[in-house]
Amino acid sequence: MLILGIETSCDETAAAVVRDGREILSNVVVSQIDIFAEYGGVIPEVAARSHLEVMLPVIDKALSDASCTWEEIDAIAVTHAPGLLGSLLIGTLTARTLAILHSKPLYAVHHLKSHVYANWLSSDVEIAFPVLALVVSGGHTQILHMPAHNQFEIVGTTRDDAVGECFDKVAKILGLPYPGGPSIANAAIGHNADKYKFPHPKVEGLDFSFSGLKTAVLRSVQQELGLPISHPSHDLKNHLNPEQVADFAASFQKTAVEILCEKLALAQIQYPEVKSVAVAGGVSANQELRIALPNAHFPSPALSGDNGAMVAAACYYEIKSGVKPIDPYSLNIYPRVSIEA
Ligand SMILES: Nc1ncnc2c1ncn2[C@@H]1O[C@H](COP(=O)(O)OP(=O)(O)OP(=O)(O)O)[C@@H](O)[C@H]1O
Ligand SMILES: [Mg+2]
């Protein structure tokens, strides 16, 4: 079965053709990072307009890279939620229109489900169920219990910031470029991760909290520089030397990875029947997290961030689980805000 996956939930316009949920025939991703690096973050209205410019060429390229015609496509899968409303609209309206034009079944796929399914794309290794999925992305930090394909229960979630968002905000304080995750990871290489100490949040159960870590870094930078807590965060980078930036990046990254691993370990105790751990989302590209979880499954780093292949993979397993296509004429394909079975 060939599925065309379309993804536009944030600042990547992406389309891919995937065979039977595992074999990537094409995977085209146009990122808007260059545009938003200048602003230090995504501007939703600009993101939506950028999607509109490249959406159809991206889909055309995905089909031609896969040497595939519309007749050969069995289904169209599109991210319907969660994400930026304007960005999602471009993808879902495009997918609905193409489904009508080419008479293809249309599936509306949850974005976090897609991130998890990036793990099935990356390897030939069978991932044994039950699975615990650690979703670590720009907008989410969740632990999902997954007893079987296409069955998800959220057992832990962040009460405030997502871990990726925390990487991005700490990078901003340190004057490192957007997106903050890769910038922090690069700056940290070979530097002292024990120089600065940050507290681990005391959140009960499997929930996370990352806003306190971001503030702890801010206060620590102010203290290191001998500046008052009222000193504006946007100016601190002008006082830090490269050595301090690198050590703050390394110390922050170490703490963030420790917090994720501690909660995951707790989840493994609470769900002793679990046979596999799968990490997903943009932060799963982080090398230190990969080193800290040697027995977990990870997507290939290129598939950690947003892409169309993971949408097609998730859709394949939805179809296998008996999920029916949606009516492309219906105005009601989003928002469905939770991960549903
Ligand atoms: N090597 C890395 N280390 C840490 N964080 C990283 C790395 N690479 C990317 N990230 C972070 O991943 C996040 C982007 O991931 P992703 O694209 O999955 O998020 P999103 O799609 O914006 O949010 P969501 O998936 O929750 O809707 C950013 O916060 C980015 O800083
Ligand atoms: Mg994402």
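Here's a quick briefing on a metal site, a sheet and a surface patch. Keep in mind that this is a predicted model. The magnesium ion (ligand 2) is held by His 111, His 115 and Asp 306, a four-stranded open sheet has the order S8-S7-S6-S9, and three nonpolar residues make a patch on the surface.

**Magnesium site**
- The donor atoms for the magnesium ion (ligand 2) are NE2 of His 111, NE2 of His 115 and OD of Asp 306, at 2.1 to 2.2 Å.
- Along the sequence, these donor residues follow the spacing H-x3-H-x190-D.
- That brings together distant parts of the chain: His 111 belongs to helix H4 (residues 111–122), while Asp 306 sits 195 residues away, in the loop between helix H9 (287–292) and helix H10 (308–320).
- Both His 111 and Asp 306 are buried.

**The open sheet**
- Pairing among the four strands, S8-S7-S6-S9, is mixed.
- Strands S8 (153–157) and S9 (276–280) are the edge strands; each has a single partner strand, so one side of each has no neighbour in the sheet.
- From one strand to the next, the twist averages 20 degrees.
- S9 runs parallel to strand S6 (residues 131–136), and five bridges join the two.
- Looking at one residue pair, Val 131 has Ser 276 in S9 as its bridge partner.

**Nonpolar surface patch**
- Ile 35, Tyr 39 and Ile 43 make up the patch, and together they have about 250 Å² of accessible area.
- Ile 35 lies in helix H1 (residues 33–37).
- With a relative accessible area of 34%, Ile 35 counts as partly exposed.

Methods
Residues numbered from 1 in each chain as written. Chains lettered and ligands numbered in written order. Predicted model: local features only at pLDDT ≥ 70, side-chain atom pairs only at ≥ 80, totals over all residues. Heavy atoms only, no water. Patch = residues over 30% accessible without salt bridge, like charges linked within 9 Å, V, L, I, M, F, W, Y side chains within 5 Å. Areas by Shrake-Rupley, 256 points an atom, 1.4 Å probe, with all protein chains shown as cover. Salt bridge = Lys/Arg side-chain N within 4 Å of Asp/Glu carboxyl O. Buried < 20%, exposed > 50% of the residue type's maximum accessible area, 1.4 Å probe, protein only. Pairing = 2+ DSSP bridges. Axes fitted to C-alpha atoms, helices over the stretch in contact; angles between N-to-C directions. Donors = N, O, S within 2.8 Å, 3.2 Å for Na, K, Ca; no water.
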